[in-house]
Amino acid sequence: MEKIFQELIAILDEQKYSFNGLSIYLLTDEEEPYKLYKLNMSTNEDIKKVINKNIKKAKDAQLYEYPENTVPDGSESVSYIKENEVPGYDKFKELIIKDNSINLSKRIFEQIEGNIKGFVINAVITRSSDGKEMDILFFSTLDKSNLYQPKAGLYRFGSEEGDVLKKSRDTYLELKDNCCAINFNGVVFVVHGHYFERLFNYEEHINVHATTTVKEISNLGLISNCEILEEHCTRNKNFKKKLYGISTANKLDNVTFDTFKALKKTIGEGLFFKLDQKNKSITIDEGNKHKSVDQIIRIINDEAAETLVSKTQIFANQRIKIFN
């Protein structure tokens, strides 16, 4: 995956790659997964800026699998997921590559303003070494905040000849320069987790995994008052994402009573759950429910690590790598 990512970063090298075409489409929720409208731009200047900014921003980022890090920032961290693992993405990509779109006119734009959800840039590049042509897709969300109505008393020069000021009544569309995902060579690189989930309805996918994983944890019989965990995981988005990670990596297979016992022995009072040695079970601390559930999920998600100096077990949002 690192090799594909480095090739993506290298597309700005004019000695290695050349851009053969740039297209941009508005995405609306009029159809599933989206309806596409092709924008006829007077210049590609801003499209190129979006591409350049997001590639340069990500060039030094550390890569993570998407379940491991669902909140990448696009500069220090980028997550990846195979495109065939994103529900419905194959149909979505086919619409774009085959250019199954409608040319956007001013009349159509005025009708679909309330349905706009994002845009996608399709960049066609050629690799100099072998002449291979490839498509790269850059995705971004849009909403009503990106549409601007002219203020009262705002005038502009018309396109017709003459120096006549006309009252401005047009709605202006702002194209955001921050992407949420980039698709290249069969991989979706997520540069902003929240907007990626929103654009691809990925939150629903996470919820399904989370619901299933909670049931599997309950079926282990390891937590005596597991109904508390079920209650908290139903309404907490962060817990759902962690449960999604547990599900996709099959991490429940390695979780036993001894897992919790070892951490309890190392950390001691820093853990908010009780051990029942006789029944080989753990009990959520009802006085600190949220913290207790959080720690249990983190342990199952394998987020415990050792500090380099004291070798003390700790928790981290992103797993700490220990070097011998």
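The model is predicted: local features need pLDDT of at least 70 and side-chain atom pairs count only at pLDDT 80 or more, while totals for chains, interfaces and linings use all residues. Residues are numbered from 1 along each chain as its sequence is written, and side-chain values use heavy atoms, with hydrogens and water left out.

I begin with helix α6, residues 202-219. Helices here are DSSP runs of H or I of at least four residues, strands are runs of E of at least two, and both are numbered from the N terminus. Which residues of α6 are buried? They are Tyr202, Ile206, Ala210, Thr213, Val214 and Ile217, where buried means under 20% relative accessible area and exposed over 50%, with a 1.4 Å probe and protein chains only. Seen down the axis of α6, these buried residues fall within an arc of 105 degrees, so they line one face of the helix; the arc is taken from the directions from the helix axis to the C-beta atoms. The face turned away carries the exposed residues Glu204, Val208, Lys215 and Asn219. Just after α6, glycine 221 takes a positive phi of about 70 degrees.

I turn next to the hairpin. Strands β14 (residues 273-276) and β15 (residues 281-284) run antiparallel and are joined by 4 bridges; pairing requires at least two bridges found by DSSP. Lysine 274 has threonine 283 in β15 as its bridge partner. Between the strands lie 4 residues, and lysine 280 in this hairpin has a positive phi near 50 degrees.

Finally, the cores. A nonpolar core is a set of buried Ala, Val, Leu, Ile, Met, Phe, Trp, Tyr and Cys residues joined through side-chain atoms within 4.5 Å. The largest has 41 residues, and Leu26 is among those with the most contacts inside it. Apart from it lies another core, of 26 residues, including Ile217 and Ile282.

Key: The expected span of a helix is 1.5 Å times one less than its number of residues.
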